[in-house]
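Open the model in your viewer and keep the selection tool ready. The stops below go one after another.

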Amino acid sequence: MFQCGVERLKRAKHRFRFIRIILIGLLILVAAIPVLLFVATLPPGEHVIKGILESQLTSQLHQKVTIGTFETNLLSRVQIFGLRVASARSEQATPALQVDAIKLQYDLSQLLHQVLTVRSVEIDSLRINVERDRQNRSNVALLDSAVQSRKTKQQKARDTTQSSWKLRLGEFVLNGMRVKYRDQTLPASATLDGLNASVRGGRNEESYDLVLNSGNGEVQYGKFPPTDLNVRLRAVYSGSEIAIDSLLVRASNLLLRVEGKVPMTENSPVDTRIRLS
């Protein structure tokens with residue numbers, strides 16, 4: 001009887017010691033998380049995150065990606081300066097993409113409810129250079145992959161499943177975008193210089209106000225003289241449709257005006273009014 005009581009006392013001591021070790025470990029973990037978050041926001045931590053981003057983007061795009069400066073507080077803000085995507089042909093050639101600054105502000109407080117709130121995205125001075133040579137090879141690896149996949153991919157059933165996650169966007173602003181495209185297989189070339197665009201949350205939670213101005217543009221095909229091009233858009237996106245308040249497409253002496261509604265669902269009629277002058 002006495003021996004049995006001693007054994008129970010020993011087992012109780014072992015359980016208490018095990019529980020104490022677990023509690024100490026949890027306390028250390030809880031105390032370490034803020035420290036790790038703080039370290040990640042310091043220059044050494046930001047440098048590590050920058051390296052991970054460069055590696056992952058390079059792997060996904062199949063082109064070398066470099067970032068000049070990466071800054072974050074992890075909880076609500078990320079800033080990237082000097083983003084560069086090298087040409088798929090040669091790293092010494094003109095980069096396929098360059099961005100002076102990307103500024104992102106977000107709110108993680110609703111993650112437990114599967115809602116990601118992006119308060120604002122601002123992109124400054126985006127430059128895109130796309131080229132295709134006479135052998136139909138592009139300086140953007142994903143474009144070549146898309147061409148090959150269209151040739152070999154069989155028709156697949158469309159995936160109609162929807163994610164339970166929701167994305168709420170407060171504001172997206174693009175300041176000063178320049179696009180240069182040259183295709184030697186046609187041959188044709190096109191440029192856009194000074195494109196500005198904004199997407200802002202509308203009156204309803206699921207609606208967005210769209211504004212776009214393509215700036216100065218030029219399109220040239222073969223031996224034909226170049227044509228000036230400018231596109232201006234004001235519209236409202238509501239999930240089920242895009243209501244076009246005004247779409248103006250100016251090409252040299254021609255002006256195309258479009259107003260109306262474009263549904264986002266299949267087999268729905270398009271209601272637009274088009275004028276050419």
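Start with Arg137 and Asp133. Their side chains meet in a salt bridge, 3.2 Å from N to O. The term stands for a side-chain nitrogen of Lys or Arg within 4 Å of a carboxyl oxygen of Asp or Glu. By this rule there are nine salt bridges. Arg137 is partly exposed at 47% relative accessibility, whereas Asp133 is buried at 10%. Buried means under 20% relative accessible area, exposed over 50%, and partly exposed in between (1.4 Å probe, protein chains only).

A word on what you are viewing: this is a predicted model, where local features need pLDDT of at least 70, side-chain atom pairs count only at pLDDT 80 or more, and totals for chains, interfaces and linings use all residues. Residues are numbered from 1 along each chain as its sequence is written, and side-chain values use heavy atoms, with hydrogens and water left out.

Next, select Arg132. Arg132 sits in strand β4, residues 115–132. Strands here are DSSP runs (E, at least two residues), numbered from the N terminus. Is Arg132 buried or exposed? Its relative accessibility is 11%, so Arg132 counts as buried. Show its side chain: it reaches the backbone oxygen of Asn136 at 2.8 Å. Contacts (heavy atoms within 4.5 Å) of Arg132 beyond four places in sequence include Arg89, Arg182 and Asp183.

Now select Glu171 and Arg200. They form a salt bridge, with the closest N and O atoms 2.7 Å apart. Glu171 belongs to strand β6 and Arg200 to strand β7, so the pair ties together parts 29 residues apart in sequence. Both are partly exposed: Glu171 at 26%, Arg200 at 37%.

Move on to Arg273 and Glu259. This salt bridge has its closest N and O atoms 3.9 Å apart. Arg273 is in strand β13 (271–276) and Glu259 in strand β12 (254–263), 14 residues apart.

Then go inside. Select Ile80, Leu83, Ile123, Leu126 and Leu174. Within the largest nonpolar core, of 17 residues, these have the most contacts. β1, β2, β3, β4, β6 and β7 each supply at least two of its residues. Such a core is a set of buried Ala, Val, Leu, Ile, Met, Phe, Trp, Tyr and Cys residues joined through side-chain atoms within 4.5 Å.

Last, select Leu75. Leu75 lies in the loop between β1 (65–72) and β2 (77–85). With a relative accessible area of 54%, Leu75 is exposed.

Note on methods:
Helices (H or I, at least four residues) and strands (E, at least two) are DSSP runs, numbered from the N terminus. A polar contact is a pair of N or O atoms within 3.5 Å; within protein, one must be able to donate a hydrogen and the other to accept it, and residues adjacent in sequence count only if both atoms are side-chain atoms.
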